[in-house]
Amino acid sequence: MIAAGATPGRAGRAWRGVAASDGAPIYGVLALVALVSWTAIIATGGQVNVTTTLIRSVALGMVAVGQTLVILGGSLDLSVAYQVSVTAVMASHVMQGDPDRMLLGVAATVAIGIGIGLANGLIITGLRVNPFITTLGTGLIMRGVLNASFDNFAGEVPREFQTLGYDGIGPIPYALLLFAGVTLVVWALLKYTRFGHHLYAVGGGEETARLSGVRSARAIVGAHVLCSLTAVLTGLFIVSRLRAGAPWVGPDGNYDLESIAAVVLGGTALAGGRGGVLGTVAGVLILALLDNVFNALEVNTFLKQVLRGVIIVAAVAAYARRARPRRARGA
Amino acid sequence: MAVALSDADTGTVVTPPTAAAAGVGEPLLAMRGIAKRFFGVPVLTDVDLEVRAGEVHALMGENGAGKSTLMKILAGAHQPDAGTIALDGEPVRFGHPREAQRRGVSIIYQEFNLLPERTVAQNIFLGREPTRGPVVDGRAMAAATAALLADLGVERSIAPHSVVRELSVAQQQTVEIAKALSFAARILIMDEPTASLSPHEVEALFERVRRLQARGLAVLYISHRLKEIFEIAQRITVLKDGRRVDTVAAGAVTPAVLVKMMVGRDLDDYYPPRAATVGEVMLRVRGGGNARLHDIDVELRAGEIVGLAGLEGAGRTELARALFGADPFARGEVRLDGAPTLVRSPRQAIRAGFGFLTEDRKAEGLVLPQSVADNSLLALRSLGARLARRRGGGGGASVLELARDVDLRAASLDQEVRYLSGGNQQKVVLAKWLATKSRLLIFDEPTRGIDVGAKAGIHDLMRGLAAGGAAILMISSDLTEVIGMSDRILVMRDGTIAGALLAGATEAEIILLATGQHETVAA
């Protein structure tokens, strides 16, 4: 897979032209992974179900799209897993199975999400606390509050709300549409708005951005608020699948580190300034496919973790090789 | 116009009346009585500068003469302590680079301010992207960028959607120029614009500069390269030690006169006496080269201090790093005591007896929050000397000896080095290399940022080491230091050794070699 990433064919190059600097070569890798894993599954007598794979990607996918934003800006959000928990718990707690309270539940979780995003962003930019520490801290705070207030499933969401997790338009699940919509919106934000342009600038060269009159704090805070909103959407999706939220749903999904892994796998530089949301989606799909094939082949759980670890590190090493040519601001 | 001459012996300057500056009407830019101090040290004192529309005005002076500071003040990156700036006779104050840009003053630094991962258009319009409703108007941005690029005659080679990282240095510079023009610049400051350009690219740049000039733009051009100055500039202002020597018409002076204006000072510092005897050849490099260096021939002998002079970017530090294995030679042969030696990493270099006192002591020479003792033993411990490792904890006599050898003034050996003065920090770095018994010492700007008293101490130490049989290579931008300390002087230019001079060389000789003007004057 490394070789395929390092030497894109003509199609790969054309792709790169279309989605310049948005991690397009990763789609070649994605196609390869899909081909290999599906072949393996079919060869062992299993069944390929694309929709199931996609559905599995939705929860991590939306968080990872949000994570892409903060990472592009040179920041990071480790608190997303607990934000997912907060959302899931609060949604079922507020709704209490009453369809009339659905809107209230959604509004409450969105408001909380915006609050958390603002808090993260303002602590990082205003108090100048390192993002890693900031979000580690806010995550711990959320964890403590959740565990103190709820020790099990809290309330439930009404049956109507569960359509989000289980129904769809014809063959297309709502959840997939939501994921696609979030991806599209964030992609457009990055490509077509000043906010997006400035986010890249702040992540790629904060001093250059500052000297160009860019208000970097705004971009960072905005990215954190949007990132929190994607965590809220993931939380809502999960609670619609589970019917009730519990404090552990977020941490159990490993959304914090997995989302960062997906972003980096998708070609976004951890230091910021380079990459994009399309690459992240590919990264998420690759991780889901790997899960898929590992399950079908009944790979040992621990070996599974080892393999995932190897693949993530190898992918980033491949990017490091590609990025070797000298930079303008280097030397 | 009359020529100002500074007398090298007395340091006095004869300035003719500058009547020629008047008569063209109001100058576009007038800086008067500009003064600036950093941490109490005067960097600029009472500097005047007048620039007219449509002229290329060169700013010259040795390293540290104050050129860059003066230009940063003009561009709003620094605020002057005293003095006034007037544009079209109207006084202005720039608190931020953006304000200067708005008034038509743009600066292109040697280190470009571009985002490598973004496109040309995105870079040019960063922070002021045109929008249509909530959406960035990519088409308008591309069109405006294309127009700017066409204006510079580079629309064929640079596209608005090209990613900056994939452009050559010369192309990136052109993008910077386009960016400056997009602010409707009337004064364009270029700091060493040709430092990393090939001769062909320099020609193209000059053509572009002349184009701008023809449109009434004033270009302030900072360069060390005499040849270029005479090719492109109409007037030249020379700075020395933070003061203006004079402003002259380029046609009225010769390179030699200009050099004299730049140098004109006494060799009144004290330097220890030179080596009486020089020993065997210790290090010999033949045809050394890597990405930044080529055809390097160097010999260092025991007991000798060799000065390495050259302009910023000529490759002096690169040579030091190559010798030390930090960015090793890819070609050529290195012989140590006559035996072929491979130095592929600093670790191998240290084992072979090299010591490297880097220019940036704080980042590369010392671990600031660690003690004098720990820093002194840093290199020795890394070599795995078990004894030293054990002794490190208990303080130990050897550190005390080292401290005495370098005449260190510290409260105790446990004092953190960040609390020491620059001179004492340098001594700790030296102690680090004495601990490994280095015989080949490379000093990169050994006394930069060190006060006068401590300077002499460092110089004495260097001479003492040489007398003890060490071979020393000293990089310095301070020409009096090079002349005062060196038994032999190597001058670098464009990544190779441009020539060698003997101990008695003058500053003018070094500058002419470093700028590639040697032939002109010899003729």
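Helix α6 of chain A passes α7(A) in a right-handed crossing, where handedness is read from how the near helix is turned relative to the far one: clockwise by less than a right angle is right-handed, anticlockwise left-handed. Welcome to a predicted model, in which local features need pLDDT of at least 70, side-chain atom pairs count only at pLDDT 80 or more, and totals for chains, interfaces and linings use all residues. Residues are numbered from 1 along each chain as its sequence is written, chains are lettered from A and ligands numbered from 1 in the order in which they are written, and side-chain values use heavy atoms, leaving out hydrogens and water. Helices (H or I, at least four residues) and strands (E, at least two) are DSSP runs numbered from the N terminus.

**Helix pairs in chain A**

- The axes of α6(A) (residues 102-126) and α7(A) (residues 131-149) come within 9 Å and cross at roughly 145°; axes are lines fitted to C-alpha atoms, for helices over the stretch in contact, with angles from 0 to 180 degrees between N-to-C directions.
- On the α6(A) side the contact (heavy atoms within 4.5 Å) uses Ile116(A), Asn120(A), Ile123(A) and Ile124(A), and α7(A) answers with Pro131(A), Thr134(A), Thr135(A), Thr138(A) and Met142(A).
- That contact has five nonpolar, four polar and no charged residues; Ala, Val, Leu, Ile, Met, Phe, Trp, Tyr, Cys and Pro count as nonpolar, Asp, Glu, Lys and Arg as charged, and the others, Gly among them, as polar.
- Helices α4(A) (residues 50-72) and α15(A) (residues 277-296) have axes that come within 9 Å and cross at roughly 145°, and their crossing is right-handed.
- Residues of α4(A) including Leu60(A), Gly61(A) and Ala64(A) meet residues of α15(A) including Val281(A), Val284(A) and Ala288(A).
- The α4(A) and α15(A) contact divides into eleven nonpolar, seven polar and one charged residue.

**The sheet in chain B**

- Six strands make an open sheet of mixed pairing, ordered β8-β11-β12-β5-β13-β14 in chain B; two strands pair if DSSP finds at least two bridges between them.
- Its edges are β8(B) (105-108) and β14(B) (243-249), each pairing on one side only.
- From one strand to the next, the twist averages 20°.
- Strands β11(B) (residues 187-191) and β12(B) (residues 218-222) run parallel over five bridges, and Met190(B) has Tyr221(B) as its bridge partner in β12(B).
- Helix α6(B) (residues 199-214) packs on the sheet, touching β5(B), β11(B) and β12(B), and its direction makes about 160° with that of β11(B).

- Val238(B) lies in strand β13(B) (residues 235-240) and is buried, with a relative accessible area of 0%; buried means under 20%, exposed over 50% and partly exposed in between (1.4 Å probe, protein chains only).
- Antiparallel strands β13(B) and β14(B) are joined by six bridges, and Asp246(B) is the bridge partner of Val238(B) in β14(B).
- Two residues separate the strands of this hairpin, in which Asp241(B) takes a positive phi near 50°.
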